[in-house]
Amino acid sequence: MLKMNAMTANMKNIKLKIARVALELSQEQLAEKVGVTRQTIGLIEAGKYNPSLNLCIAICMALEKTLDELFWE
Amino acid sequence: MKRVKDERIAKEANKIFARTYFLLLSLTVVEVAIKLFFDRTFALYLPEIIGSGVSFLFLLIRYTHMGVLFRRDTDERIEDFKIRTKGMCHVYCFVVYLISGVVMLLFYPDNIAALGSFFIWIIPAGVMSHHIIKNGLLAWGSNQSKKRGIMTFRVGVPIASLFFGVFMAWFTMDNETLWQTVLHACILALLWGIPFYFGMTRMFMKSDKNANQQLTNAENECDDSKHEEY
C-alpha cells in the first residue's frame with residue numbers, strides 16, 4: 001500500500017512536470033499564468049498539495065491539456 | 001500592494017485566522033473585566049460589543065443556518081466552511097478594534113479605560129504574523145509581481161508614514177507653532193516609517209525563504225520515497 005501511494009504521488013508529479021517542461025515553462029512562469037505562487041505549483045508537482053477543481057482547470061488551460069491527462073490516474 | 005491571489009495561501013491564512021479568533025475573544029473578555037474597574041461608561045464598551053459580540057453572533061447564526069453548530073465529523077467541506085467563517089469573523093473583529101482604537105483615542109484621549117480597544121489586537125497580530133511568516137505565506141508569487149509589489153510598497157510607506165505623523169502631531173498642535181507641528185509630524189513619520197519599511201522587507205524575505213525551504217523539503221521527501229520504492 002505504501003509503495004502504491006508513493007508511485008501514485010510520483011505519477012502526479014511526472015505528468016504535470018512533463019506537460020510544463022514540454023511547453024518550456026518554468027514553475028514561476030506557469031504560476032504567473034495560472035495566478036498562484038511558484039511554491040504552490042511546486043507543492044502540487046511534489047504531490048504535497050491537492051488543488052481545487054478550479055485550479056486544476058486553470059492549470060490544464062495554461063498547459064493546453066485536459067483534466068484526464070494531468071490529474072486522472 | 002498587489003500580490004498574487006493564491007487559494008493555498010488563502011486556505012492556510014484562514015486556518016491561522018480561525019485559530020487566533022478565539023485568542024482574540026479571550027483577550028476581549030479579560031480586557032472588559034479589567035476595564036470595568038476603571039470606567040463603566042457604556043460608550044467605552046461599544047468596540048467590544050460591535051467587534052466581538054457581532055462577530056460571534058454571526059458565527060453562531062451561520063453555523064446554525066448550515067446545521068453544523070454541534071457537528072463533530074471530519075467532512076472536509078464542513079471543516080473548510082467552519083474555518084472560512086471563523087477567519088471572516090476574526091478579520092471583521094480585528095478591523096473593528098483597529099478603527100475603534102483610533103476613534104477612542106480621538107474622543108477619550110485622557111481616559112485610560114479607552115486605551116484597551118487600542119491595544120487588544122496587538123497579541124493576536126503578533127501571533128498571526130509569526131505563523132504567516134513561519135509558513136511562508138507572505139509570498140510575492142513571481143519576479144514580476146515582486147517588482148510591482150516593491151514599487152507600490154515604496155510609494156505606500158512614505159504616504160502612510162506622513163499620515164501617521166500628522167495624526168499623532170494633531171494632539172499637540174494647540175501648544176505649538178506651525179513649523180514646530182510640521183517638524184513634529186516629520187519626526188514621528190520617520191520614527192514609524194523607517195522601522196516599518198525595513199521590518200516588513202525583512203518579514204517578506206524571511207517568509208519567502210521559509211516557503212522555498214518548505215518546497216525543497218517536499219521535493220526531497222518525494223525523491224526519498226522514490227528511492228525507497230526501488
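## Aromatic pairs

Across all chains of this predicted model, a search of the whole structure finds eight aromatic pairs. Rings of Phe, Tyr and Trp (its six-membered ring) pair if their centres lie within 6.5 Å; planes under 30 degrees apart are stacked, over 60 edge-to-face, and the rest tilted. One edge-to-face pair joins Phe94(B) and Trp121(B), at 5.9 Å centre to centre and 70° between the planes. Phe94(B) lies in helix H3 of chain B and Trp121(B) in the loop between H4 and H5 of chain B, so the pair ties together parts that are 27 residues apart in sequence. Helices (H or I, at least four residues) and strands (E, at least two) are DSSP runs, numbered from the N terminus. Phe94(B) is buried, at 16% relative accessibility. Buried means under 20% relative accessible area, exposed over 50%, and partly exposed in between (1.4 Å probe, protein chains only).

Phe153(B) and Phe196(B) form a tilted pair, because their planes stand at 45°, with the centres 6.3 Å apart. Phe153(B) belongs to helix H6 of chain B and Phe196(B) to helix H7 of chain B, 43 residues apart. Phe153(B) is buried at 8%, whereas Phe196(B) is partly exposed at 31%. One aromatic cluster holds both rings, along with Phe164(B), Trp192(B), Tyr197(B) and Phe198(B).

## A charge over a ring

Lys35(B) places its charged end over the ring of Tyr45(B), 5.2 Å from the ring centre. The criterion is NZ of Lys or CZ of Arg within 6 Å of the ring centre and within 35 degrees of the ring normal.

## The largest pocket

The largest pocket has a volume of about 1300 Å³. On a 1 Å grid over the protein atoms alone, a cavity is a set of points where a 1.4 Å probe fits but cannot get out; a pocket is an open set with protein on both sides within 12 Å along at least five of seven lines, and lining residues have an atom within 4 Å of a point. Points are joined across faces, edges and corners, and the volume is the space filled by probe spheres set on them.

Its lining has 31 residues, and Phe94(B), Leu98(B), Trp121(B), Phe196(B) and Met200(B) lie nearest the centre. Helices H1, H3, H5, H6 and H7 of chain B each supply at least two lining residues. By class, 27 are nonpolar, one is polar and three are charged. Ala, Val, Leu, Ile, Met, Phe, Trp, Tyr, Cys and Pro count as nonpolar, Asp, Glu, Lys and Arg as charged, and the others, Gly among them, as polar.

## The second largest pocket

This pocket has a volume of about 580 Å³. Of its 22 lining residues, Tyr49(A), Ser52(A), Glu7(B), Lys11(B) and Asp80(B) are closest to the centre. Helix H4 (53-63) of chain A and helices H1 and H3 of chain B each supply at least two residues. H3(B) gives the largest share, six residues. The lining divides into six nonpolar, five polar and 11 charged residues.

## Confidence and conventions

Chain B averages a pLDDT of 84, and 93% of its residues score at least 70. pLDDT is the predictor's confidence in each residue, from 0 to 100. The complex has an ipTM of 0.80 and a pTM of 0.79 from the predictor.

Residues are numbered from 1 along each chain as its sequence is written, and chains are lettered from A and ligands numbered from 1 in the order in which they are written. Local features need pLDDT of at least 70, side-chain atom pairs count only at pLDDT 80 or more, and totals for chains, interfaces and linings use all residues, while side-chain values use heavy atoms, with hydrogens and water left out.
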